[in-house]
Amino acid sequence: MKELLELIVKSLVDDPDSVVITMTESEKGINLAVSVASEDVGRIIGKEGRIAKSIRTVIRAASRNVDKPVFVDIV
């Protein structure tokens, strides 16, 4: 899932080298934190959060085989 998220985010931003995805696992689930350059934050969030919502939907669908829920945070 981390690789899929990285592929999606890098295709959306102007500076793909600045994309950093941190994965942490806890009892509640898996948390993927996305960090991009400050100029690219708007591209990841989109108007009214539509792109961020779409990214979360794709990752949720891809993680159906995982026992824990997966959360995506944009930092």
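In which helix is the place of Val41? Val41 has its place in helix α2, where helices (H or I, at least four residues) and strands (E, at least two) are DSSP runs numbered from the N terminus. This is a predicted model, in which local features need pLDDT of at least 70 and side-chain atom pairs count only at pLDDT 80 or more, while totals for chains, interfaces and linings use all residues. Residues are numbered from 1 along each chain as its sequence is written, and side-chain values use heavy atoms, with hydrogens and water left out.

**Packing of α1 and α3**

- Two packed helices are described by the angle between their axes and the distance between the axes.
- The axes of helix α1 (residues 2-12) and helix α3 (residues 50-62) come within 10 Å and cross at roughly 155°; axes here are lines fitted to C-alpha atoms, for helices over the stretch in contact, and angles run from 0 to 180 degrees between N-to-C directions.
- α1 and α3 are therefore roughly antiparallel to each other, given that angles under 35 degrees count as roughly parallel, over 145 as roughly antiparallel, 65 to 115 as roughly perpendicular and the rest as oblique.
- On the α1 side the contact (heavy atoms within 4.5 Å) is made by Leu4, Leu5, Ile8 and Leu12, and on the α3 side by Ile51, Ile55, Val58, Ile59 and Ala62.
- These contact residues divide into 9 nonpolar, no polar and no charged, where Ala, Val, Leu, Ile, Met, Phe, Trp, Tyr, Cys and Pro count as nonpolar, Asp, Glu, Lys and Arg as charged, and the others, Gly among them, as polar.

**The largest nonpolar core**

- A nonpolar core is a set of buried Ala, Val, Leu, Ile, Met, Phe, Trp, Tyr and Cys residues joined through side-chain atoms within 4.5 Å, and the largest one here has 14 residues, of which Leu5, Val9, Val34, Val36 and Ile59 touch the most other members.
- α1, β2 (30-35), α3 and β3 each supply at least two residues of this core, and its largest share, 3 residues, comes from β2.
- Val36 touches Val9, Val13, Ser18, Val19, Val41, Ile44 and Val75, when residues up to four places away in sequence are not counted.

**Leu32 in strand β2**

- Leu32 is found in strand β2 and is buried, with a relative accessible area of 0%; buried means under 20% relative accessible area, exposed over 50%, and partly exposed in between (1.4 Å probe, protein chains only).
- Leaving aside neighbours within four places in sequence, Leu32 is in contact with several residues, including Met1, Leu5, Ile21, Ile59 and Phe71.
- Leu32 and Phe71 are 39 residues apart in sequence, and their C-alpha atoms are 6.1 Å apart in space.

**Loops and helix α2**

- Asp40 lies in the loop between β2 and α2 and is buried, with a relative accessible area of 2%; not counting residues up to four places away in sequence, Asp40 touches Val13, Asp14 and Asp15.
- Val41 counts as partly exposed at 25% relative accessibility, and the C-alpha atoms of Val41 and Ala61, 20 residues apart along the chain, are separated by 23 Å.
- Glu48 lies in the loop between α2 (41-45) and α3, counts as exposed at 71% relative accessibility, and has a positive phi of about 55° although it is not a glycine.
- Most residues other than glycine have a negative phi.
- Ser63, in the loop between α3 and β3 (70-74), counts as buried at 6% relative accessibility and touches Met1 and Val70, not counting residues up to four places away in sequence.
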